[in-house]
Amino acid sequence: MCGRYAASANPEELVEEFDIESDETGGQLEPDYNVAPTKQAPVIVTRVPRGQRHEGAEPVRQLRLLTWGLVPSWSKDGKGGAKRINARAEDLLDKAPFRRAAVTRRAIVPADGWFEWERTEGKPPAGGKQPFYVTRRDGARVALAGIYEFWRDSAKEPDDPDAWLTTFAVLTTQAEAGLAHLHDRMPVVLEPEQWQDWLDPAVTEPEQVRAMLAQAEPGRFQAVPVSKLVNNADNNGADLLRPLDVAELAAGERLDATTGEVVEETLPGF
């Protein structure tokens, strides 16, 4: 996964689709068609509501805005999250920055789809890297498997809202055959029947976590070429998701609209 995805759903849609009991976004959630590292994005977690941890309250499914790029609780400072936007599923439970979160703080990152870049022949603008947008074939939203962490600035009082930084990472796995020509990694995408256990903080056995990260059957996704405007994280808007026509492909290739694979070479500028 190259580190960019789209998340345009409003809170009401996510609350209904994911059976969320508490919207904690405070009306700050806006559609983002080009989510990049260090940005805040909607994340679904199951936690005891704020201020009720010592009152015997039960955990509930919440929608929160978290920062993309995981900062472990033991970090000396709140920097460095951009280096940990992804965590490999294969060794998740063996890596110090991720293993505790993997068994106690798992999350779902709702997305419309994600972006990958395929290297093309020649020099820019004809060559370089062509972005592709990957979505589910069935049109459903993508539920990315994630983990999250809390980091506290010890220089601030614990009740200071600015003392806490809550961050997340997206889990990745080996790309399935239909997407491997774009990138050798892809995000772990959970099916609805997995959501309950994945979000359940009571599921803490490492083997249970590993079982939920097993590769699903291939063929769930499709990839289409999109504008290179997505390369700039400052660009946003639904137009970034629009599939390119053949005439717009700088590399002059005809691509299958379902798999993203080259099916016919054409003259440059076709």
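Helices (H or I, at least four residues) and strands (E, at least two) are DSSP runs here, numbered from the N terminus. This is a predicted model, where local features need pLDDT of at least 70, side-chain atom pairs count only at pLDDT 80 or more, and totals for chains, interfaces and linings use all residues. Residues are numbered from 1 along each chain as its sequence is written, and side-chain values use heavy atoms, with hydrogens and water left out.

Q: Where does Asp 19 sit, going by those runs?
A: Look in the loop between H1 and strand E2 (22-23). The chain has four helices and 15 strands in total.

Q: Why is Asp 19 called exposed?
A: Exposed means over 50% relative accessible area, buried means under 20%, and partly exposed is in between (1.4 Å probe, protein chains only). Asp 19 has 56% relative accessibility, so it counts as exposed.

Q: What makes a negative surface patch here, and which residues form it?
A: Patches take residues with over 30% relative accessible area and no salt bridge, joining like charges within 9 Å, or nonpolar side chains (Val, Leu, Ile, Met, Phe, Trp, Tyr) within 5 Å. A salt bridge is a side-chain nitrogen of Lys or Arg within 4 Å of a carboxyl oxygen of Asp or Glu. Asp and Glu count as negative, Lys and Arg as positive, while His and the chain ends are not counted. Each charge is placed at NZ of Lys, CZ of Arg, CG of Asp or CD of Glu. This patch consists of Glu 12, Glu 13, Glu 16, Asp 19, Glu 21 and Asp 23. Helix H1 (residues 11-17) supplies three residues, the largest share.

Q: How do you know whether Val 230 is buried or exposed?
A: Val 230 has a relative accessible area of 0%, so it is buried. You'll find Val 230 in the loop between strand E13 (221-225) and strand E14 (253-255).

Q: What is Val 230 in contact with, beyond its neighbours within four places in sequence?
A: Contact means heavy atoms within 4.5 Å. By that rule, Val 230 is in contact with Arg 4, Asn 34, Phe 115, Trp 117, Pro 131 and Leu 240. Its C-alpha atom is also 9.8 Å from that of Tyr 5, 225 residues apart along the chain.

Definitions and conventions
Areas by Shrake-Rupley, 256 points an atom, 1.4 Å probe, with all protein chains shown as cover.
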